Amino acid sequence: YHNTIDPNELTEIYGADCFRLYQMFLGPIEDAKPWISQGIEGTVKFLRKFWRLFCDENGLIITDEKPSEAELKALHKAIKKVNEDIDRFSFNTCVSAFMVCVNELQKLKCHKRAILEPLVILLAPFAPFLTEELWQMMEKEGSVHTAVYPKHDESVLTEATYQYPISVNGKVRTKIDLPL
């Protein structure tokens with residue numbers, strides 16, 4: 001009846017990684033989901049943002065600088081969330097965690113190898129072709145798929161302070177940082 005969408009056509013237009021991520025992002029794997037091919041644009045934008053962490057129009061822009069606490073925290077939050085959600089087969093929330101992490105790293109203007117290498121390994125099961133290409137561009141040995149999968153560091157995620165709001169007459173006037 002010609003009322004279906006051919007996955008091969010979408011793969012040719014957007015690429016296999018984008019199509020794969022979109023399928024995972026639609027919702028829980030065991031649930032039936034409505035197919036709306038316009039939604040694939042979100043995963044296209046995500047993969048472009050991810051690529052821009054590594055490359056600009058002149059090529060690779062990765063630095064060997066030491067990462068900041070905020071960058072480490074963004075990475076390790078993503079590692080923790082993805083590893084927990086993979087165990088539950090919640091691939092849609094894994095993709096969401098990647099998107100949040102990439103947005104945070106983009107705001108921090110992070111192009112640091114110590115952050116981006118584990119992120120590439122973390123994304124590899126979800127976008128195998130893109131991550132393999134980035135791995136080779138970074139001149140790493142072997143394949144990204146044989147690299148040691150990252151584990152989160154709880155000490156990076158532990159908060160040392162709490163920002164306590166001070167309000168007067170029901171309006172927040174200031175905030176003070178208190179040690180936990």
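Predicted model: local features only at pLDDT ≥ 70, side-chain atom pairs only at ≥ 80, totals over all residues.
The core comes first. The largest nonpolar core in the model holds 45 residues. Inside this core, the residues with the most contacts are F46, F50, F54, L105, L119, V120 and F126. Helix α5 supplies the largest share, with 9 residues.

F54 is worth a look of its own. Setting aside neighbours within four places in sequence, F54 is in contact with G59, L60, I61 and I62, and also with L116, V120, L134 and M138. One of these partners, V120, is itself listed among the core residues with the most contacts.

Not counting residues up to four places away in sequence, T131 touches V120, L123, A124, V144 and H145. T131 has a relative accessibility of 0%, so it counts as buried.

On to the helix pair. Helix α2 (residues 16-25) packs against helix α5 (residues 91-107) at an angle of about 115°, and the two axes sit 7 Å apart. From α2, the contact draws on L21, M24 and F25, while α5 brings in F91, N92, V95, S96 and M99. By type, the residues of this contact split into 6 nonpolar and 2 polar, with no charged ones.

Key:
Residues numbered from 1 in each chain as written. Heavy atoms only, no water. Axes fitted to C-alpha atoms, helices over the stretch in contact; angles between N-to-C directions. Helix = DSSP H or I, 4+ residues; strand = E, 2+ residues; numbered from the N terminus. Contact = heavy atoms within 4.5 Å. Nonpolar A, V, L, I, M, F, W, Y, C, P; charged D, E, K, R; others polar. Core = buried A, V, L, I, M, F, W, Y, C linked by side-chain atoms within 4.5 Å. Buried < 20%, exposed > 50% of the residue type's maximum accessible area, 1.4 Å probe, protein only.
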